[in-house]
Number of protein chains: 2
Amino acid sequence: MRSPASTAELALLVEVSATPTPGNVDRERDLDGLRFEQFLAGATGARPGLDLAAEGQRTGAAFERAVDGMAGSAGTNTQFGALLLLTPLVRAAAEDDCTPEAATAVAEGTTVADAADFYRAFDHVDVRVDDPPEGMEPLDVRRGSDAVPTVEDRDLTLYDVLESSADRDGIAREWVGGFERTFHAANLLTDEPADRPLSERAARVHLQLLAEEPDSLIATKFDDETAEEVRRRAAEINPADPTAVDALDSHLVEHGLNPGTTADLLAGGLFVALQREEVDV
Amino acid sequence: MRSPASTAELALLVEVSATPTPGNVDRERDLDGLRFEQFLAGATGARPGLDLAAEGQRTGAAFERAVDGMAGSAGTNTQFGALLLLTPLVRAAAEDDCTPEAATAVAEGTTVADAADFYRAFDHVDVRVDDPPEGMEPLDVRRGSDAVPTVEDRDLTLYDVLESSADRDGIAREWVGGFERTFHAANLLTDEPADRPLSERAARVHLQLLAEEPDSLIATKFDDETAEEVRRRAAEINPADPTAVDALDSHLVEHGLNPGTTADLLAGGLFVALQREEVDV
């Protein structure tokens with residue numbers, strides 16, 4: 001009864017409502033200069049871009065529109081990574097089916113024009129990324145649309161661009177790796193007891209995802225060791241112990257350790273599980 | 001930077017996020033069989049209808065589409081009254097300006113076809129309403145689309161239909177009374193300190209609105225005396241005393257006293273204040 005674009009927006013809203021999500025903004029936690037309400041605004045602003053993805057518009061164009069709308073509405077970058085993950089999933093769900101294969105087909109079908117749109121999306125926001133590898137400086141995403149001529153000269157598709165950063169970016173890894181953790185997150189959500197509020201189930205899955213693999217946003221902002229240390233801390237606590245979860249939350253917030261990629265993966269998993277009607281609100 | 005439809009959806013989301021809103025679902029309070037997440041889903045489901053209102057579609061048709069999408073996504077009635085209030089405001093903001101005069105012009109411009117759409121909207125949901133006055137049984141909204149032939153025979157516009165229930169329904173009263181309390185709510189929001197989260201400002205305004213006039217949903221579900229008693233209780237507490245506000249909340253929830261019209265008016269006020277850029281997230 002929900003359209004894929006509506007479901008994607010709902011996934012963003014449930015993700016930010018899930019609490020506690022240690023280190024992240026949620027419905028009981030604002031961070032310095034980043035408020036819960038800005039995430040609500042980001043999700044509603046992204047909707048026209050998500051609608052374009054559902055209508056089969058070029059993946060890059062839909063993504064750029066979603067990011068533009070998000071940033072204009074939230075006044076900052078709230079859900080860039082989540083939108084990069086959701087765009088091919090929404091298109092796959094609208095055109096074909098919400099499966100790893102269909103989403104991968106969308107990813108592999110991207111063109112040089114999509115890559116140019118992707119770079120243009122960076123004009124709308126500040127996104128935390130690593131310095132590019134040697135020889136890749138002309139393709140530094142922080143150059144935004146200034147990098148488009150190089151993208152075109154080198155004939156790179158959006159898939160190619162993301163493939164080149166898959167070793168250090170968790171969302172790029174989804175695009176080129178069969179959306180493995182996204183569908184894994186959906187399975188974890190489906191396994192949670194259905195009589196609990198969806199955002200409560202989502203909070204538990206957030207903690208599981210955080211305990212399983214180092215968060216790539218933390219690795220980018222700090223380093224691999226810090227990301228692994230956060231993963232280890234998340235794995236060591238008892239998720240059913242609210243005091244331990246709160247202590248982890250306080251520790252992460254205090255040190256500016258914001259596991260944003262894990263939140264993006266959770267939003268993707270929520271989309272898949274809602275879209276397949278394996279969970280509901 | 002936000003479209004009117006996006007702003008309207010954001011208003012719905014901020015309204016349900018405002019906490020505490022005594023007696024109502026909010027981000028820290030689910031009610032029996034009515035959860036916070038269902039309001040998120042209702043808002044995202046209503047978006048295509050809000051888009052139609054912004055595109056200048058017939059007011060009744062846009063409203064019916066919004067209600068259909070809301071009910072399909074939330075699985076229940078979450079925001080019927082708020083959508084009835086928002087539809088003419090969105091259209092006015094998109095076409096002309098977000099003023100009482102422009103919204104009233106939209107309301108007065110409705111036709112018999114809009115009235116028919118309004119009745120059809122009741123096919124999608126259960127809405128709590130009073131028995132109709134004597135002689136009005138064929139126009140009981142609970143008849144849904146079955147009442148359409150009578151609406152057409154009697155040549156009633158949507159404005160006419162709402163005028164006839166303005167004495168007992170707070171949203172109908174807005175339609176035919178210059179949207180007075182909606183714009184009043186927007187002014188109250190604008191007067192709140194801008195350095196606090198918007199949902200916190202909204203919670204304070206909710207309490208002020210509740211203290212000012214009896215809630216018409218409570219009057220419908222119970223009676224006028226009960227609604228006035230709730231108003232009095234709200235007026236007597238110190239809004240800056242969290243213990244008193246929580247006690248009011250518990251009292252209302254315990255007795256099933258759900259001031260839903262006040263929540264709808266707050267959503268309308270949030271739309272106006274956000275649309276006029278008098279407040280931001």
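Tutor: Before we look at this predicted model, one term is needed: a helix here is a DSSP run of H or I with at least four residues, and helices are numbered from the N terminus.

Student: What kind of peptide bond runs from Thr19(B) to Pro20(B), and what is its omega?

Tutor: The bond from Thr19(B) to Pro20(B) is cis, and its omega lies near -5 degrees. In chain A, a cis peptide bond joins Thr19(A) and Pro20(A), with omega about -5 degrees, and Pro20(A) sits in the loop between H1 and helix H2 (36–54) of that chain.

Student: What makes H1(A) roughly antiparallel to H2(B)?

Tutor: The axes of helix H1 (residues 4–17) of chain A and helix H2 (residues 36–54) of chain B come within 9 Å and cross at roughly 150 degrees. Angles over 145 count as roughly antiparallel, and H1(A) is therefore roughly antiparallel to H2(B). The crossing of these two helices, H1(A) and H2(B), is right-handed.

Student: Which residues of H1(A) and H2(B) meet?

Tutor: From H1(A) the contact includes Ser6(A), Leu10(A) and Val14(A), and from H2(B) it includes Phe36(B), Leu40(B) and Arg47(B). By kind, the residues of the contact of H1(A) with H2(B) divide into six nonpolar, four polar and three charged.

Student: What makes H3(A) and H4(A) oblique to each other?

Tutor: The axes of helix H3 (residues 59–74) and helix H4 (residues 80–95) of chain A come within 10 Å and cross at roughly 140 degrees. Only angles over 145 count as roughly antiparallel, and H3(A) and H4(A) are therefore oblique to each other. The crossing of H3(A) and H4(A) is right-handed. Among the residues that make the contact are Phe63(A) and Met70(A) of H3(A), together with Leu84(A) and Pro88(A) of H4(A).

Student: How do you know that the two copies are related as by a two-fold rotation axis?

Tutor: A rotation of 180 degrees, with 0.0 Å of shift along its axis, superposes chain B on chain A with an RMSD of 0.0 Å, and the two copies are thus related as by a two-fold rotation axis. The same surface serves both copies, since 100% of the contact residues of chain B recur in chain A.

Student: How many residues does the contact take from chain B and chain A?

Tutor: It takes 28 residues from chain B and 28 residues from chain A. The area buried between chain B and chain A is about 2300 Å², and carbon and sulfur atoms give 57% of that area. Arg27(B), Glu37(B) and Val281(B) supply 25% of the area that chain B buries against chain A, more than any other three residues. Arg27(B) is also the residue of chain B that comes closest to the rotation axis, with its C-alpha at 3.6 Å.

Terms used
Residues numbered from 1 in each chain as written. Chains lettered and ligands numbered in written order. Predicted model: local features only at pLDDT ≥ 70, side-chain atom pairs only at ≥ 80, totals over all residues. Heavy atoms only, no water. Axes fitted to C-alpha atoms, helices over the stretch in contact; angles between N-to-C directions. Parallel < 35°, antiparallel > 145°, perpendicular 65-115°, else oblique. Left-handed = near helix turned anticlockwise from the far one by under 90°. Contact = heavy atoms within 4.5 Å. Nonpolar A, V, L, I, M, F, W, Y, C, P; charged D, E, K, R; others polar. Least-squares fit on C-alpha atoms with pLDDT ≥ 70 in both. Buried area = accessible area lost by both parts, 1.4 Å probe.
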